[in-house]
Amino acid sequence: MAKHLVMAGRLIEDEPEEAHKHALSAGRRAGRIGVVRETIAITAYTVGDYALTLRELRTYRRITGRDDQLPLMVDSERGLGRPERALELGRSVDVSTLAPAVRVSLAIAMSGARLDLGQPDAALGELEIPQLDRRRAFEYSPALFDAYATVLEDLGRDRDAEEWRTLAERADAALEAHHGDDDRETVEVVEEELELDESWDAEDESVPLEEPTADDASETGEAPAPDEELVPDEEPAADEEPAADEEPASDEEPASDEEPASDEEPASDDALDTDAEPEHRG
């Protein structure tokens with residue numbers, strides 16, 4: 001099982017279909033392990049099987065109790081052409097319980113769902129979260145800045161969009177300079193614990209772009225002005241309150257005819273040897 005997971009990780013960028021085959025093989029051997037169901041879901045997403053992604057991530061949530069893959073679930077609902085359900089799912093969890101990087105990914109997915117519905121103003125509002133800070137660069141900042149620029153373009157605010165696009169490039173360059181050449185590929189084998197440790201939020205790192213003044217320390221809830229200089233700093237606190245006025249929807253997701261929710265372990269494939277390479281898909 002572990003060998004198949006390693007191969008899935010190695011192949012997912014260059015050969016996603018082969019990576020997905022390895023993930024499915026791991027699932028046949030250990031379908032009740034959370035990381036296995038998560039890997040199946042991620043590889044299914046890369047090959048465009050959004051129904052399978054949702055089914056596997058629902059099982060992953062039931063096994064682990066974690067919401068860290070909620071953005072991928074929201075995006076999969078979009079992939080199935082259901083932006084309203086994507087928004088409902090995104091609002092079903094208190095964002096203050098999520099790690100900053102997960103909050104950002106969720107905001108980007110929710111913004112995309114708003115664009116799918118032809119609501120660019122609401123899409124911009126989804127992205128105006130405390131992590132949209134032009135003075136600091138975190139690992140999630142380039143993607144957030146770029147998504148913000150995209151929505152500004154849809155609104156016809158080309159000048160503002162260009163400034164945020166430039167900020168995204170500068171944040172990416174600052175992070176690359178900060179981390180240097182520490183980009184070696186590694187494979188980490190993690191043992192799953194029955195009791196979850198919530199302290200993992202502190203692992204995020206930031207790169208300073210500009211020291212904030214005392215007046216800047218207070219949260220305004222508005223997006224920062226696009227003409228300030230960007231600088232990375234310490235990770236923001238994980239207990240910031242979400243800026244949503246709506247009541248969260250029920251945690252239970254509506255039944256779907258397209259993807260059955262099942263905890264059952266994937267069907268066994270007796271013909272497939274544990275160490276055998278997956279057949280190449282023609």
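Residue A19 belongs to helix 2, which spans residues 16-29, helices here being DSSP runs of H or I with at least four residues, and strands runs of E with at least two, both numbered from the N terminus. The model is a predicted one, in which local features need pLDDT of at least 70 and side-chain atom pairs count only at pLDDT 80 or more, while totals for chains, interfaces and linings use all residues. Residues are numbered from 1 along each chain as its sequence is written, and side-chain values use heavy atoms, with hydrogens and water left out.

With a relative accessibility of 0%, A19 counts as buried (under 20% relative accessible area, with exposed over 50% and partly exposed in between, for a 1.4 Å probe and protein chains only). Once its neighbours within four places in sequence are set aside, A19 is in contact with A8, L11, I12 and T43, where contact means heavy atoms within 4.5 Å. The C-alpha atoms of A19 and V47 are separated by 9.6 Å, and these two residues stand 28 residues apart along the chain.

On the side of helix 7, the residues A107, I108, M110, S111, R114 and L115 meet P120, A122, A123, E126 and L127 of helix 8. By class, this contact has eight nonpolar, one polar and two charged residues (Ala, Val, Leu, Ile, Met, Phe, Trp, Tyr, Cys and Pro count as nonpolar, Asp, Glu, Lys and Arg as charged, and the others, Gly among them, as polar).

The aromatic rings come next. Rings of Phe, Tyr and Trp (its six-membered ring) pair if their centres lie within 6.5 Å, with planes under 30 degrees apart counted as stacked, over 60 as edge-to-face and the rest as tilted, and by this rule there are four aromatic pairs. The rings of Y45 and Y50 are edge-to-face because their planes stand at 65 degrees, with the centres 5.6 Å apart. Y45 is partly exposed at 25%. F138 and Y140, by contrast, form a stacked pair, 5.2 Å centre to centre with 20 degrees between the planes, and both residues are buried. Ring pairs also link F145, Y148 and W164 into a cluster.
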